[in-house]
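Please keep the sequence and the structure in view while reading.

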Amino acid sequence: MRSTTCWAVSTKTCAVQALRLHFLDFNAMPLVLRVPQKMLSESTSFIKGMLMGGLFCLVVSLIGNFGMGGQSNVELHLHHHLKAPSKEELQRMPEAHKLELSQKVRVYCLIMVQPKVLVYWATAKDTWSKHCDQAVFYTSESAKALEAVDLQEQDEWAKLRKALKHAHDNAGDLRWFFMARPTTFAIIENLKYLVLNKDPGQPFYIGHALKSGELEYVEYESGVVLSLEALRRLVGIFEDKDKCPERGHALWKLSEEKQLAVCLKYTGVFAENGEDLRGKGLFNSKSVGSLISNSLALNTQDVIEGCCSDMAVTFSGMSPNQMHVMMFGVYRLRPYGHTFHDSLIFWPPEGSDND
Amino acid sequence: MSDLQKSLRIRESLLPPASDVIKRLGPGAVAASYIQLLDAAYDTVEDGDELMAKFINTLQDPGYPPLRKSHHKRKEKEGTYFHPEEAFGERNRRRDTSADELASFITGESCCESAGRGAPGEVGGHQNWKVEGSALINLSHRHLTGEDSRMADELYHKVRILCWVMTGPANLQKKARHVKATWSRHCNLVVFMSSEEDRDFPTVGLGTGEGRDQLYWKTIRAFHYVLKNHGNEADWFLKADDDTFVVVDNLRWVLANHTPEEPVYFGKRFKPYAKQGYMSGGAGYVLSKEALRRFVEGFRTKVCTHTTPVEDLALGQCLEKMGVLAGDSRDTLHRETFHPFVPEHHLTGKFSKSFWYWNYCYYPIVEGPQCCSDLAISFHYVDAELMYLLEYYTYHLRAYGYHHRYQAPLPEGMDKPPDVKKDRPVSEIAGVEAAAVVKGEEKANKTEQAGRDKQASEKNRTHNQTEVSKEKRQ
């Protein structure tokens, strides 16, 4: 932002300069000489203007660096990467605090469905959504076979707004919100692990963070995580028709994931990239099969190392059958004799047999 | 021979379950009707490959996407799936193995080319293997980040497994190298068996041809080779294909309740053609040391010979003759551990009742999530991508803090390693356990108790089976 103001200032300065010189000298000259003279004087004044603007720019940036510059750079860095807690960090925690966290880290899942993707809807219902503390399906129109909150809305952004508002009003004592489409597969326990030592009373907006121009947003396809505070602020700004309109500006339509980022930005909430301790992304917008294929094609020494994190939270673009296999792979298939002494225990859900 | 005599001969020669199938035909039935009924029930099949191919073409529900048709087609093109006539094509170097060759093979005169034993090779850098001749010896058991693997380490030393992988020159880079990069690293020793020696991979050269008709020859020679060269380095001997995925740690869990002196072998048990059934070749099978000794002895004494290229069936029949028991490899909830197809198929596929996979399986088929044990041991028809994916699912991806529904009981004679928590001050234990876990502890105790009860009753059952030769099916 600083660079654009800088250039604006310098061009403005040089325009001012050119105008001033023009008025001073011009009227005193004979007509014949006026034209080439005018050109010469304007070019020199242009150069003078540019030099002054450039100097001004330099001075401002120097002042900026010594002042606030350092701090805001660090802030930006913190905002971008959000890492999972380390084992040592968790072990150092006093028991009372751990207990408090285990009660706080409960997730409300918003799953945005439509009858068009009925088979994915059914699969999500039968697989990963059972591990949410509360899973609510929000649909654009109701389907006879499956239960959902009918928002009666076709526009994606409007659907999102209504769903988030509904979740906010019905959250009960749940403090974390996970929003995804049923074509995504999520491992909720790993989501809980990621946000384990983060305070939901602070605003958090986490997922696979991407940048579009100046806007940093969380990719919808790989799931969006919001803390209670972030959701509260979001619902607040929904009321503001200028900053966060429902129908969007007529000229161009932002995708709903970007709209979300814009609205949140107005409330001071920024997108963060969820990562494991090694910096590997936990939110994937591709299927696990294609990620493995890519790693294999690159002929890496260790195909799995080049693929995905052990604590991955989401994958997207898998077929319903592949999601059932992932369910088996995540919650059941394991080698005997290898145990992990995790700091918390999550119990299997009632009335389920595929996990 | 009159038709009546024919019918009589047929009835006499049939063993269960085939005899059950024809029971409903009266003694006066025409021979042709027996044949017809048997064909309908069993059909003719060469081996697992053909079974799979038929499965693809007959089983699919109309709405179900065709499973691995491309795999089937690919195999046809490669020439590894074919009719016997095609074996003589220039791609397959066919060796005419006669009775004399077999005899000399048995006496050890002309066997397998291998780099031979002698000075151990270089340590395989990051892979933590020692190359000794054609065998890859694991120097240490693999560990995962942040895990407590004491139990797995103990089993690694207690239950030593030699894995040999059936492969061929054409498949080394396509298939065998993925096996080498994934599950075979968890074996105590691994040997890759091919028709030709390859010093770089490395593979043992069995001195046979390639192709389906050579499968049993390769198997016979491979087992002779491992007993001769590595008999003292392992207790159990696993055979797998280059498209089989094996979770070796889970295999150790099943085998830990047995000793290598028992004449027993485990795998995916099939019913027909042998009294006690036999184990599917593609899903992998494992022989105890005693079973392997008896197999080799069988060939020495000519009790066993090369009867058919259908290696899994032939091996099963030989072992039965030598008094080796076909073991029950299911977990304590009676769920299968060895699987002849890919996980997707077992977990989501529906087997039509007229398909004869139903008639082949020794134990009742379960469809859906309970088809497969949490401690699954093998899957078959696994391509390269799926190899790494299964390795990722088994050894890497997990749900943090998740308390598994199935708590596998400890194998006999093993003690639970001292609980890490005991080293921490009492207050620490109280904190987490108390509130968040109280309900769960009761649950955990209940499932553990149920597991132990089931294991106790299971022990009794297998004990009975060992004593009584007549098999009883559940």
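Which element gives the most to the lining of the second largest pocket? The element is H8(B), with 5 residues. The model is a predicted one, in which local features need pLDDT of at least 70 and side-chain atom pairs count only at pLDDT 80 or more, while totals for chains, interfaces and linings use all residues. Residues are numbered from 1 along each chain as its sequence is written, chains are lettered from A and ligands numbered from 1 in the order in which they are written, and side-chain values use heavy atoms, leaving out hydrogens and water.

The volume of this second largest pocket is about 1,300 Å³. A pocket is an open set of points on a 1 Å grid over the protein atoms alone, where a 1.4 Å probe fits, with protein on both sides within 12 Å along at least five of seven lines; lining residues have an atom within 4 Å of a point. A volume is the space filled by probe spheres set on the points, which are joined across faces, edges and corners. The lining comprises 46 residues, and those nearest the centre are Arg278(A), Asp302(A), Glu305(A), Asp310(A) and His396(B). Two or more residues each come from helix H3 (87–92) of chain A and from helices H8 (172–181) and H15 (384–395) of chain B; helices are DSSP runs of H or I with at least four residues, strands are E runs of at least two, and both are numbered from the N terminus.

In chain B, Thr337(B) lies in the loop between strand S13 (325–326) and helix H13 (343–348). Thr337(B) counts as buried because its relative accessibility is 0%, the limit being under 20% relative accessible area with a 1.4 Å probe and protein chains only.

How values were computed. Buried means under 20% relative accessible area, exposed over 50%, partly exposed in between (1.4 Å probe, protein chains only).
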